[in-house]
Amino acid sequence: MAETATKKERVAKEGSHPLVAIDDGYAQTKLYGQGPDGKIVKRVLRSSVRIGSHGLGSFAGDGAIGLWQTEEGNRYTVSDEIEAEDPRFTDFHLSPINRVLVNHALSTAGFGGVQVDIVTGLPVKEFFKDQRKDEERIQRKRENLQRGAFSRSAGVEAPVLADIQVGCQAIAAYVDWALDDELKTRNDTGKTIAIVDIGGRTTDVAVVVGGRSIDHGRSGTADVGVLDVYKGVLDRVKARFELDDDSLPLSLMNEAVRTGSMQLFGRPNDVAEIVSDVVGQVQERALREIQRRLGRAATLQAVVFVGGGSALFKDIASAYPNGVMAEDPEFANARGLYKYFASRRRG
Ligand SMILES: Nc1ncnc2c1ncn2[C@@H]1O[C@H](COP(=O)(O)OP(=O)(O)OP(=O)(O)O)[C@@H](O)[C@H]1O
Ligand SMILES: [Mg+2]
């Protein structure tokens, strides 16, 4: 058991399997780490799960649609093509849905039946409590993942989770900013840096002082993100096309937001104006939340923008003279979690 193992035993155990980081967000599950063949593997899939078995079959048999069952006896379907459960509930990170997504992501990345050490994340607001690490919540997240999930899709196996660690999402992005792929320092960690992680549900702000402490007064999580853009676009599209349906698949919303076009009634429809209006509104809301914490950020060395929302709000970094858009912002947390735990392994 991890709790009773000595540190030496634990490090030996951690080091013996591939290490994979999973940034298990409300909108997307991003995976980055060592593949079963030792090469770096990088994957993103929608955090799109529905309770129950839904009559979908992948023609290609490529496992892209996952049917899963948990120890509690419930069944789940993972697929872009279904109307997903709303992941914006508070205990997502401790839920069977989260467990299914982590297992599904690993099995699509080739870890079916393979032992793997994983590191997952919690948002700033959940990782810390009263300015300390919330050890109880971290432990609950590990225990949830330890309970495992069983694949109900033919030919698809669940991964074998050997060691499970939990890191903090925005702090992970700080590590990604600070270290290069060889785990060498690439940016000055002596200064005060803010990381702004705009995700699906949340915008996380983490102010890191001198590379080692968090300024809790200025750090925190606001409930605004790209899922608000989807919601806003959905409402406007429903009104314009007189749709009665409650919802549209996330894949359709994602496509519309990225391309300004939406496939409805068998043909593409121009929704660029709706998208640009809604994107502008949500970006303003996100900026207000960031400003509430950082003010004009005059004393900060840099304000580093990460997360899929930063990729969508392309010019958001220019709101600050010291604003910086991270390279490949969507993967910053996953890569940072990987770098942090990989550098710990190397000692
Ligand atoms: N270039 C882009 N253009 C448009 N949308 C994008 C782009 N890159 C990412 N996105 C979208 O941004 C959203 C948020 O992505 P991200 O992976 O950061 O969210 P998350 O980590 O799951 O959410 P949270 O951090 O709130 O848990 C996703 O819906 C994704 O499809
Ligand atoms: Mg995120």
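Predicted model: local features only at pLDDT ≥ 70, side-chain atom pairs only at ≥ 80, totals over all residues.
**Ground rules.** I number residues from 1 along each chain as its sequence is written, with chains lettered from A and ligands numbered from 1 in the order in which they are written. Local features need pLDDT of at least 70 and side-chain atom pairs count only at pLDDT 80 or more, while totals for chains, interfaces and linings use all residues; side-chain values use heavy atoms, with hydrogens and water left out.

I took helices (H or I, at least four residues) and strands (E, at least two) as DSSP runs numbered from the N terminus, and I call two strands paired if DSSP finds at least two bridges between them. I found an open sheet of 5 strands in the order 3-2-1-7-11, with mixed pairing. Its edges are strand 3 (40-46) and strand 11 (160-168), each of which pairs on one side only. From one strand to the next the twist averages 20°, where axes are lines fitted to C-alpha atoms (for helices over the stretch in contact) and angles run from 0 to 180 degrees between N-to-C directions. I then looked at strand 1 (residues 19-24) and strand 2 (residues 28-34), which run antiparallel and are joined by 5 bridges; here Asp 23 stands opposite Lys 30 of strand 2. Helix 2 (residues 96-111) packs on this sheet and touches strand 1, strand 2, strand 3, strand 7 (115-122) and strand 11, its direction making about 135° with that of strand 3; contact means heavy atoms within 4.5 Å.

I counted as a core a set of buried Ala, Val, Leu, Ile, Met, Phe, Trp, Tyr and Cys residues joined through side-chain atoms within 4.5 Å, buried being under 20% relative accessible area, exposed over 50% and partly exposed in between (1.4 Å probe, protein chains only). The largest core has 70 residues, and Leu 106 and Leu 294 have the most contacts inside it. Helix 8 (residues 272-294) gives the most to this core, with 9 residues. Leaving out residues up to four places away in sequence, I listed the contacts of Leu 106, among them Val 20, Ile 22, Leu 31, Val 116, Ile 118 and Leu 161. A second, separate core has 21 residues, including Ile 138, Val 166, Ala 173 and Ala 302.

The axes of helix 5 (residues 169-178) and helix 10 (residues 332-346) come within 7 Å and cross at roughly 75°. Helix 5 is therefore roughly perpendicular to helix 10, by a scale in which angles under 35 degrees count as roughly parallel, over 145 as roughly antiparallel, 65 to 115 as roughly perpendicular and the rest as oblique. Residues in this contact include Ala 173 and Asp 176 of helix 5 and Arg 335 and Tyr 340 of helix 10.
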